[in-house]
Every structure is written in structure tokens, then in C-alpha cells.
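I opened this structure to look up a few things.

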Amino acid sequence: MLEQDKHILLETGAFIHSAINEDLKGRLNELQTRFPPEPGGFLHIGSAKAVYINFEMAKIYGGKCNLRMDDTNPAKEELEFVHAIQDEIRWLGYDWGDRLFFASNYFEQFYGFAVRLIEKGLAFVCDLSADELRASFGGIDKAGVDSPYRERSIEENLDLFTRMRNGEFPDGSKTLRAKIDMASSNLNMRDPVIYRIARKTHSNTGDKWCIYPMYDFAHPLGDAIEGITHSLCGLEFVDHRPIYEWYVNNVGFEKKPRQIEFAEISVSNTVLGKRHLRKLIAEGKADGWDDPRLVTIMGMRRRGYPPSAIRDFLGNAGVSTAKNNTVEFAMLEHFVREHLAPISKVVMVVLNPLKVVIENFPDGETEMLSIDGRDVPFCREIYVEREDFMEEPVKKFFRLAPGKEVRLKGAYFVTCTGVEKDAQGNVTEIRCTYDPATKSGTGIEPPRKVKGTIHWVSAKHVVPLKAMLYDTLVVDTEDGEQAENPNSLVVMPDALGEPSIADAVLDDRFQFMRNGYFCLDSKSEGLVFNRIVSLKSSYKPQ
RNA sequence: UGGGCUGUCGCCAAGCGGUAAGGCACAGGACUUUGACUCCUGCAUUCGAAGGUUCAAAUCCUUCCAGCUCAGCCA
């Protein structure tokens, strides 16, 4: 079912739909969502789910979705990523119009909010070092202890915070903390840090600030400033919801955004998570963030996945609050095939060539055949797939073997009459005869049926190309770990294509008949093709 | 005797008191000049477990069991 047929998101994520309906009381077009990436890395399929849900929900209800860079930590962020992320989201098919925002543009307002909290006696300047703070924090089943600086006067806090901003204190020497409850069972409520001192040049604000707000403070308030009604995010933030609401309430916003969490997606046999991805790349196991075996946006794009397939996959995988959900990679591939099928040109390419001489076809002659509207030359010498020949065929092998007849797609029936071998006994060439009475497309029924049809290319007219066959980089193991897949990349350096493949351009999508969907590799020179996904096959050798 | 979240087919996932949708995967079969596509067919007497309420429970109540998750001056 292609995505345009009906909006699949309407059939899942009931907890989000009902919240939206309750909160907006019919004024659904007031729905305001947001996708808030930190410009500290590239997006992957997990991020794509958040993009998908926030933008699609807005679309469904006639609302709007903001793109906000949550750039509150200059130590980790770079301008390169703010551009890359926009590129990636656009490629996924979403447009935020003029609604691009930066948390860093709210720094002055955030500062004012912090002052307001101090004035209300809800925040204090703390002199604990990072280590001391950690130690005072307690643990999962142990309450934390109050900071010795917790009871400073409002005046002193105001003075100290101003001086923090003015750069009077060294990095890390002081923090501004919320005054909540060091005994809270929710660790995020144990007097969390609001501002830290860090002399780092910010990609947007330069050196204007030496204090930066923490995510837990900036994020809800950024949402509130933008009038976000529903903040749809991953389950990893459930534990942050109380602090999200605490800041919004105590700063005093009338209109309160509501955070709703959904389960992040994970896909079997793939590596997700910035940390793991970075490791793979650093170790050279992946060829950069755009390695076609990665489910990063860049990787999937280079691999040739249609963005519509990714959206459709995400929608069909569903939106729930269940935690341990790992969708099988096969499901992703299903949607990729489904979206590729209608837009791909079918051509013949032999990945692993084996020469065939058609003994009764006139030497030096070329017959031009018309196959699906293309002109395809046919000659005495052709190549077929090495896997399509077996000297001693197993049962139900419907391809070439001594004495057996097959159809050459769009051409003639051909019967294998002999085999040539080298000194080691490897088959180097096979001999066949063809039956002129079986010519394809003549309207005349061939005198007999044949079980197999194989693809081929004319030896004289061949276009050499390279094909990259991908599989997943890792394979999930039973113990919940992942093992490296040694065969995640198979290069076919001597593939041979029919003449029309020479005209391929980057945006073209092909089905190499019986071999899968392919597209040109954007990073390579010349005719280097990525296999986007293989064709399904019910053929089981043996 | 910390908190939060979750348990419906191999994987996702509907369902919200009226007698288990759908997709993927898988298995048969039809069709086939791609062993593809398409098309049929099959695939949970049962909803983590045990009790209870009810004419009726995956849905309500009780207890139990299992899994995930949280201790950055990261986001």
C-alpha cells in the first residue's frame, strides 16, 4: 500500500491523536509541533522517525512544524551540521518554510527566565565542582544531599549570576541550579543545573556568552517561546517530562506545550546511535557517514533508497509506547522495493559473466532486437550469468546445462551443446545453438515451452561497469549483541551491461533484471552502481 | 519496600466490555519471456501468568512474573 492511498499515521499512535484532540478542542489547525535536532551530528533513520511524526502530525491536522536547532552546547556543535541537517530533512520530503529557529537566538530570553527563577527563590548559584556535584547527587536508590550553597539569598544569587554572565568566574567553577528536591525519585528533579560556565565560541552567537543553558531548561522554554502545542519526542525523554513541565510552569507561561513520547525505532541488523556509528567509521569498518550500508540519512540516500519508501516504512512500522521494538530489516527492504518498482527501468546486466558462443549464428552479424522499447543488439557471442550455468544441474535448475534449453530474454531459445574448460577444469566458455523459430516478439508461439528465461548481453556491444552488492554491516546475534558481517560488501568489478546503461545518470533507478535494483554511486567516477536492494527470490538451490 | 515505561502470531501493530484488523516474514498454489511482479490460500480457540467481577474480559479489579530504562556542568 503506497503512502498516498491513506494516511497510515491516522491508524497508529492513538495516544498522540487523542491528546491532540483533547487539548486543541477542535481547533486542530492550531497544532504546532517541532523537530529539534542538536546540530552536532548527522541524522539517521531514528531521527527520521521524529522528523516524520512531527511533520506529518502537523500536516494531518493542518498545523505547523518548526525546525529548531537546539544549539545550546557549543562544545559539540558546528555550522556544518546545521546545513547538513536541513539538507537531510528536505531530502526526506519536509519543508519548514520560514519556520527555522535556533535555541541560541533565545539566549537573552533564557537568561531573563533564569533571573525570574532566582527572584522567585527557585534557583541558586552553586559553587560545587563537577565531581562534588556528582557525589552529592545520590543514586538510584539513595537520596542526594543539598548543596551547601542552596540557601544563598536572592540578592547574592542575583549578583553571582550576573557576574557569571560577565565572565568573572572560571569555566566550571559555578553553576546555576534549580531548587527542587534532592530526594526526588526522579533524578532529573534533583536540583538540576540550569546554566554552566564555558568559554566556547558558539557557531551562532560567537563569544557573546560564556554561560550556556542546559537542554532540560532551554528545550521546554524554547518550545514555550515558539508556541509549540505538542512536543513529540522519543521515549528517552519520559523521565524529563516533570522537569520540562516544572520550568514551563515556574517561568510562568500561560500556554503550556505538552510533551508526548513515542518509542524510538530500531531496525534489526543495523547500527544506530551516534557513538556506535562514530566508532564504525573511525575503525574504517564503514566508509564515512554516507556508507550505503548505514541507515544514516546520507547512507540511505547514497544507497538509492527513495525517501518516500522511508516515510512509508516509518508509518507502517507504527507509533507506540512499547519499548523493545526492533523492526526487521526485511520490512524496510519491502518498502524500498515497492517504491522502486514503478520508477525503475529494467535493463540487462551480467554481474559475473560467462561467455556463450552460439555456433549456428552467423559470425560477424548483429541482429537488433527490440526489448521493452529498447534496441538491444544480439550476436554470435554473448555473456550470461555464471550462476545461470551448471555442468551437472541439480534438480529444478531451470537454467543452462548441457543439453538443456532456455530462453534468452527478448531473443531466442538456446540449447547448450558443449563446454570449454581451462587446464584447471574451470568452465571458460559454453557452446550453444539457437532456434530461429523461437524469436521473441514475432507473435508466433514458440513450438515448445521452456522453463527458464535468463538475461544476457552481446559480447561485442558490452558496457563494462562495476557493481557494489551490499548487505548489512552487522548481524544481530542471539545474545542480543551484534556480529560483524564479513560479506557486507561484495564488489563485482567485471560486470557487463547492455548498451543503454551507458547513458545512466545519477537520479536514474534501474532494475538489473533478476539481480535487483541499482543506481549510480554518487561518490564514484564512471559506471559504478550500488545495489539498492536485491529482488526477492523463491529459488532455493539444491 | 527507588522511579518511570512496557508485555496481543517469528518481527512490527490494531483493539479501549460483545466474542483477535493489517503489514513484514514464512508456507502452499495460480500466472509468468525477470525462480521478480501480481493474484489466491494458509499462518494467535488466543492476548505475560494466576485468580476475581460479568450473560460476556485482550479489554475492568487483584496478585504475581518478565523485560527495558534513569545517577553529563550532553542533547
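This is a predicted model: local features need pLDDT of at least 70, side-chain atom pairs count only at pLDDT 80 or more; totals for chains, interfaces and linings use all residues.

I listed what Ile45 touches, leaving out residues up to four places away in sequence. The contacts are Ile265, Val267, Leu272, Val295, Met300, Ile310, Phe313, Leu314 and Leu332.

Next I looked up the nonpolar core. The largest one has 66 residues. Ile45, Met57, Ile89 and Phe313 touch the most other members. Helix H2, residues 45-61, gives this core its largest share, 10 residues. I noted a general rule: nonpolar side chains tend to be buried together in soluble globular proteins.

Then I turned to a sheet. In what order do the 7 strands of the open sheet run? I read E21-E18-E19-E20-E14-E17-E22, with mixed pairing. Strands E21 (453-454) and E22 (456-458) are the edges, and each pairs on one side only. I also checked E18 (405-408) against E19 (413-421): they pair in the antiparallel sense over 3 bridges. Val406 stands opposite Val414 in E19.

Last came the phi angles. Most residues other than glycine have a negative phi. I looked up two residues with a positive value.

- Lys25 is not a glycine, yet its phi is about 45 degrees. I found Lys25 in the loop between helix H1 (14-24) and strand E1 (32-35).
- Asp191 has a positive phi near 40 degrees. Asp191 sits in the loop between strand E5 (175-178) and strand E6 (193-197).

Asp191 has 1%, so it counts as buried.

Methods. Residues are numbered from 1 along each chain as its sequence is written. Chains are lettered from A and ligands numbered from 1 in the order in which they are written. Side-chain values use heavy atoms; hydrogens and water are left out. Two strands pair if DSSP finds at least two bridges between them. Helices (H or I, at least four residues) and strands (E, at least two) are DSSP runs, numbered from the N terminus. A nonpolar core is a set of buried Ala, Val, Leu, Ile, Met, Phe, Trp, Tyr and Cys residues joined through side-chain atoms within 4.5 Å. Buried means under 20% relative accessible area, exposed over 50%, partly exposed in between (1.4 Å probe, protein chains only). Contact means heavy atoms within 4.5 Å.
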